[in-house]
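Hi,

Here is the structure I promised to pass on. Have a look at it first, and my notes follow below.

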2 protein chains.
Amino acid sequence: MKIRVGIFGYGNLGKGVESAVSQAADMELTAVFTRRNPQTLAVRTSNVPVFQEKELEHMQDKLDVLVLCGGSATDLPIQTPKYAGLYNVVDSFDTHAKIPEHFAMVDKAAKASGKVAVISAGWDPGMFSLNRLYAKAVLPDGQDYTFWGRGVSQGHSDAIRRIAGVKDARQYTVPVPEAVSAVRSGGQPQLTTRQKHTRECFVVAEDGADLAAIEKEIKTMPNYFSDYDTTVTFISQEELDRDHKGLPHGGSVIRTGLTGMEKENRHVIEYSLKLDSNPEFTGSVLVACARAAYRMNLEGMKGCKTILDIAPAWLSPETGEELRRQLL
Amino acid sequence: MKIRVGIFGYGNLGKGVESAVSQAADMELTAVFTRRNPQTLAVRTSNVPVFQEKELEHMQDKLDVLVLCGGSATDLPIQTPKYAGLYNVVDSFDTHAKIPEHFAMVDKAAKASGKVAVISAGWDPGMFSLNRLYAKAVLPDGQDYTFWGRGVSQGHSDAIRRIAGVKDARQYTVPVPEAVSAVRSGGQPQLTTRQKHTRECFVVAEDGADLAAIEKEIKTMPNYFSDYDTTVTFISQEELDRDHKGLPHGGSVIRTGLTGMEKENRHVIEYSLKLDSNPEFTGSVLVACARAAYRMNLEGMKGCKTILDIAPAWLSPETGEELRRQLL
C-alpha cells in the first residue's frame with residue numbers, strides 16, 4: 001500500500017514535488033489541487049486528476065499527506081493551518097522572521113486534528129538548518145557561516161523586473177571565493193554582507209529604455225542590492241532564454257570549532273549543495289518530509305514539526321534494520 | 001541541574017569525551033571509571049574522582065548517562081549490553097559487520113532496564129552514516145561515495161608496527177584528488193579501491209633492520225595495503241614524534257543524484273570533515289548523543305538507538321523555540 005500524496009499548487013515547486021514522488025517507490029501521486037481552472041493544468045504524471053481547491057474539504061480518506069506548494073508571503077500562512085486541520089501536511093514556509101508565529105498557528109490546528117504538519121522544509125530553511133544544528137551540537141565552541149550560490153534568487157530577479165523599462169531579468173547570488181576559502185581554512189573571520197556575496201544581474205531592457213538609470217536603480221536598491229557589489233549586464237531576451245533559463249542554486253554551511261582542554265584542536269564541518277534545479281531539490285526534501293509526516297502520524301504523533309524534530313530514519317523508506325546494515 | 005556524565009575508559013577517546021563535556025554548559029563530568037589502578041590516572045578535569053569499574057554496579061543514582069570509551073574488538077561487545085542494563089549509555093562501536101548483532105544484544109538489555117543506549121556514535125559510523133541517510137532519502141536516484149582522509153588510520157599504523165624490525169609507524173589514508181573531483185563534478189564514476197585512496201606510511205625502523213624487506217611486507221599486506229598504491233618513507237623517531245604526533249582525520253560523503261520527470265537535473269550533496277583530532281571530534285559526537293540519550297529516556301523512550309533514530313533537536317541543549325528562531 002503506497003503513501004497517497006496530494007499536491008496543492010502546481011507551479012515550479014509543485015512540479016518538483018511531482019517528480020520526486022515519481023521517484024519514490026513507496027509513494028504515489030493521487031491528485032493535484034489548484035485555485036486555477038483545473039482544465040488549464042497539464043499534469044505530467046499520467047492518470048492523475050486535477051481538482052479545484054474546494055475538493056480538499058472532503059478527501060481525507062483519499063490522501064495520506066498533502067504537500068502545500070504555495071508561496072510564503074500570502075498562501076501558506078492561510079493554507080497550512082487550514083489544511084493541517086484536515087490532513088498531514090508539509091510546507092516550505094521560508095519567511096524566517098515569521099516562522100515562530102506560523103509554527104504556533106499550525107501546531108494548534110494539527111494538535112486539534114491529530115495530524116502531523118511539517119513546516120519550513122526544503123534546503124534553507126531545511127537541510128541547511130539541520131546541518132547548523134548538528135554542527136553546533138557537536139562543536140559548541142565555534143562559529144557557523146552560510147554561503148548561498150552560485151544560484152538564481154527568484155526574489156531578487158522579481159525585484160529587478162519591477163523596475164520601469166525592464167522586460168525580464170535573472171539575478172545570481174554568488175559567494176565570494178576568498179571568503180569561502182578563509183572560512184574553510186578554519187579561521188573565524190568577521191565578514192560583512194558585502195564580503196560574503198556578490199550579485200550578478202542579467203537584464204533585458206525594453207526598447208529605448210534608459211540603461212544607465214536601470215543600472216543605477218538596481219545597484220542602489222535597499223535591502224536587495226545596495227549592500228552588495230552588484231554587476232549589471234544587459235542582454236537580449238534570446239540570450240536570457242538560452243543561457244539563463246534554469247533555476248540552479250546551492251551553497252554551503254560551514255562550522256569551524258575548537259576542542260581540547262586547551263582548545264588546541266580545530267575542526268571544520270562543511271555541508272554543501274550544488275543543485276541544477278532549486279525547485280526539484282526542494283520538492284525532493286518536501287517529499288521525504290511527507291513520508292515522515294505520514295509515518296510519524298501512524299505512530300501516534302501529532303502537531304507541528306520541523307525537520308529538526310524528525311528522527312532521520314522516518315525520512316527513509318527503508319527499515320531500521322536495512323539502514324543500520326547499509327549506512328552505519 | 002546538569003546532566004551527570006560518567007566516562008568508562010580513559011584513553012584517547014575517553015579524554016576526547018572529557019574535553020567535550022567541559023564545553024557543554026548543560027553537562028558535568030561526575031566520575032571516570034577504569035579497569036586500571038585508579039591511582040595511575042591523572043584526570044584533567046579538577047575534582048573528578050576515578051573509580052574501579054566495579055563501582056559501576058551501584059552508582060545508578062549518581063549518573064544520568066555513561067559514555068563507554070572502550071574498543072570495538074573486545075570491550076564494547078561485553079560492556080555495552082552489560083551497562084545498558086544499568087544506565088543510559090553511549091558507545092562508538094564501529095565493527096561494521098557486527099553492528100546488527102551488537103544492536104540486538106544492547107536493545108534487549110536496554111529494553112529490560114528501561115534505559116536508552118546509543119551505539120555506533122562518532123563520525124563513521126555516525127555523522128557520515130547520517131549524511132548518507134539524508135542524501136539518499138532526498139535523492140533516491142543517485143549514488144554515494146565516501147572518501148576518508150587525509151588522516152591517520154590507527155588500525156593501519158598498528159599493522160605496520162607489528163612487522164619485525166619496525167619500531168614505530170604512522171599511516172595516513174589519502175583520498176585520490178582526481179577521484180574526488182570526478183565525483184564532485186556530478187559524474188557517477190565506478191571507482192576501484194585503488195582509485196579512491198592511497199596510503200602513506202612513515203616508518204621508524206630498528207637499527208640494522210632490512211628496510212627493503214619491511215617496505216615489501218607493508219606493500220603486500222593483504223586487506224591493509226595490497227589493494228592500494230602505498231608509499232613507505234623511513235624516518236627517525238624524532239621526526240615521527242615531531243611531525244606525526246597528532247591524530248588528524250576527516251573525509252567526505254558525497255551523493256550525486258538526478259531529479260526531474262526525464263531525470264534531466266543533477267544535484268551534488270557533500271558533507272565533509274577536516275579534523276585536527278579524530279578522538280576529540282568523536283568524543284564530541286558521543287557527548288551530543290549522551291545528552292540525547294538522557295533526554296529521550298526522560299521522555300519515556302527505551303532500547304537501543306543509533307544516530308539515525310535520534311531526532312536532531314535532542315542533540316542540542318537549546319529548546320525547540322530557540323532552535324527554530326536561530327537555525328531555520
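Helices (H or I, at least four residues) and strands (E, at least two) are DSSP runs, numbered from the N terminus. By that count, R150(B) sits in the loop between β7 (142-148) and β8 (151-152) of chain B. The peptide bond joining G149(B) and R150(B) is cis, with omega about 0°. In chain A, the bond from G149(A) to R150(A) is cis too, with omega near -5°.

A word on the basis: this is a predicted model, where local features need pLDDT of at least 70, side-chain atom pairs count only at pLDDT 80 or more, and totals for chains, interfaces and linings use all residues. Residues are numbered from 1 along each chain as its sequence is written, chains are lettered from A and ligands numbered from 1 in the order in which they are written, and side-chain values use heavy atoms, leaving out hydrogens and water.

Most residues other than glycine have a negative phi. S120(A), however, has a positive phi near 60°, and N223(A) has one of about 65°. Buried or exposed, which is each of them? With buried meaning under 20% relative accessible area, exposed over 50% and partly exposed in between (1.4 Å probe, protein chains only), S120(A) is buried at 0%, whereas N223(A) is exposed at 68%. S120(A) lies in the loop between β6 (116-118) and α4 (127-138) of chain A, and N223(A) in the loop between α8 (211-219) and β11 (229-234) of chain A.

Best wishes
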